[in-house]
Amino acid sequence: MLKISGVPSNKDIDQVFPSQERLEKGPVVIVECFETIPCNPCYTACHVGGIQAFKDITDLPTIDFEKCNGCTMCISSCPGLAIMVIDYSYHKDYVKMMIPYEFYPLPKEGEWIKGLDRRGAEVVKVKVLSVKNTKYQDKTQVITIAVPKAHYKKIRNIEAGDSNAKS
Amino acid sequence: MIHTDILIIGGGPSGLCAAIAAAKSGAEVMLVERSQYFGGQLVKQTHMFFGSEKQYAATRGFDIGKKLVEEVKNSDNIKIFHSTTALGIYEDGVVTLEQKFESEEIYLKVQAKSLIVTTGALEKSLPFPNNDLPGIYGAGAVQTLMNEYLVKPGKRVLMVGAGNIGLIISYQLLQAGVEVAGIIDASPRIGGYLVHASKIRRSGVPIFTGYTIVKAEGTDHLEKATIAKVDQHWKPIPGTEKEMNVDVMCISVGLTPSSAFFWQGGCEMEYVRELGGYVPKRNRYLRTTVGNIYVAGDSAGIEEASSAMVEGSIAGLAASHDLGFVYEGYNREIEELLQELEGLRGGEKGIHIRRGYNKVGF
């Protein structure tokens with residue numbers, strides 16, 4: 001499906017998720033990179049050995065979920081915007097997700113906005129916890145959202161305020 | 001008559017890298033660019049680049065352009081000529097140029113010991129009824145309007161072509177606040193990087209693989225496009241038509257190398273489908289069959305800008321080396337670059353390119 005529609009299947013997604021046990025320990029990276037393209041900045045950005053060295057630049061990234069501490073440094077380094085960090089341990093009812101976002105206007109801290117799935121359809125309202133937009137992010141802002149636990153595996157995007165797609 | 005060691009035609013990513021590499025050994029380099037700006041397509045690339053740190057991965061295209069232009073301007077050995085179009089290459093090797101100056105055009109002649117041609121590529125078009133209606137653009141034009149002139153091309157776009165350029169421009173249209181009604185591609189599979197496809201898809205833009213454009217309609221500008229599914233012979237299947245109300249159609253169906261200088265210079269040419277059309281034969285150091293003409297970038301075969309930059313560096317180093325300029329790190333550096341290039345052409349996306357390059361060596 002991914003190669004036909006751009007939407008990864010549940011099986012694709014399961015493959016890049018860590019175990020439930022690891023998820024419950026705290027923040028961890030999810031890299032939705034399914035194709036052997038020449039690209040390795042995620043490895044270059046990682047300082048804890050969570051994303052392991054590439055043998056070939058076209059290798060898929062290999063993640064050591066035990067070493068990854070969910071620091072988020074790799075999120076805005078991925079040219080494909082394929083990386084997010086999930087903190088399942090955040091709250092009993094909510095998962096904290098840190099996702100890359102390159103649209104204006106940026107969402108505002110504290111507001112509830114639409115959480116979108118991998119097709120761009122609204123799933124549930126999510127709460128914006130923070131917007132990280134420093135020089136390091138270089139315009140690929142990292143948005144932290146709280147997502148109801150029942151839906152976290154579906155959420156992959158947000159629609160902030162008056163979506164500029166409709167302005 | 002201007003005399004120089006190396007003349008480089010085209011100031012895009014490969015031309016800039018060729019100039020920097022050639023100047024390192026002390027060769028005198030002249031770099032000419034038709035446009036007012038150097039950087040070629042990099043100027044319009046707002047996305048982060050792929051590849052590795054060596055090709056500025058994770059840096060945005062226009063920022064890479066700025067870095068390279070800065071480096072070229074800081075080199076004492078490189079003379080740069082913008083607004084200067086190379087007109088032709090003559091039997092005695094003289095290249096003629098036309099330089100815009102105020103409202104005049106100045107005619108220049110250059111005798112260079114070697115020539116590196118990095119003229120890039122031309123966009124392919126698509127025949128269908130009413131494809132000349134206003135509102136139907138080539139992908140490059142949409143990107144120029146949007147990212148160079150800051151003008152929205154319209155309100156609602158149909159993107160034709162799901163290669164990297166079609167996908168990237170769709171994303172940039174969304175960022176500019178333009179609605180993208182959908183992306184179609186006659187191929188059964190998405191041609192561009194899947195990470196690009198996924199990020200557009202999750203912004204709600206549908207991708208219709210296996211669809212082609214049937215016709216465009218509108219009185220004085222584009223108002224409606226009809227698309228249809230294709231069969232295994234790429235022919236539209238009657239009854240599968242869908243109508244889309246769009247005021248812009250962006251045609252992004254691939255590029256073909258800009259090869260005029262190689263033909264005129266007498267280089268042995270080869271038609272290679274995988275590389276986008278006619279390209280000059282060349283050795284691994286990018287020297288063509290005419291000993292002092294080198295090729296790099298999209299004019300050598302359609303590829304990503306990261307490969308174009310590496311090729312530029314290889315051609316620049318090799319051209320100055322072949323002229324007898326001594327650069328101590330030459331052997332190590334050129335081998336590293338060749339390896340880098342091979343790396344970039346690895347993986348499943350590189351199969352096509354690798355097949356193409358196997359056909360053009362000599």
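This is a predicted model: local features need pLDDT of at least 70, side-chain atom pairs count only at pLDDT 80 or more; totals for chains, interfaces and linings use all residues.
Residues are numbered from 1 along each chain as its sequence is written, and chains are lettered from A in the order in which they are written. Local features need pLDDT of at least 70, and side-chain atom pairs count only at pLDDT 80 or more, while totals for chains, interfaces and linings use all residues.

Chain B holds 9 helices and 19 strands (DSSP runs of H or I, at least four residues, and of E, at least two, numbered from the N terminus). Its radius of gyration is 21 Å, close to the 21 Å of the globule rule for 362 residues, so chain B is as compact as a globular protein of that length. The radius is taken over C-alpha atoms, and the rule is 2.2 Å times the number of residues to the power 0.38. The C-alpha trace spans about 65 × 50 × 35 Å along its principal axes.

In chain B, 4 residues of domain 1 are in contact with 6 residues of domain 2 (C-beta atoms, placed from the backbone, within 7 Å).

The contact between the chains takes 37 residues from chain B and 38 residues from chain A. On the chain B side, α4 (164-175), α5 (194-201), β11 (207-209) and α8 (330-344) each give two or more residues. The most come from α5(B), with 8 residues.

Note on methods:
Two residues are in contact if their C-beta atoms, placed from the backbone, lie within 7 Å.
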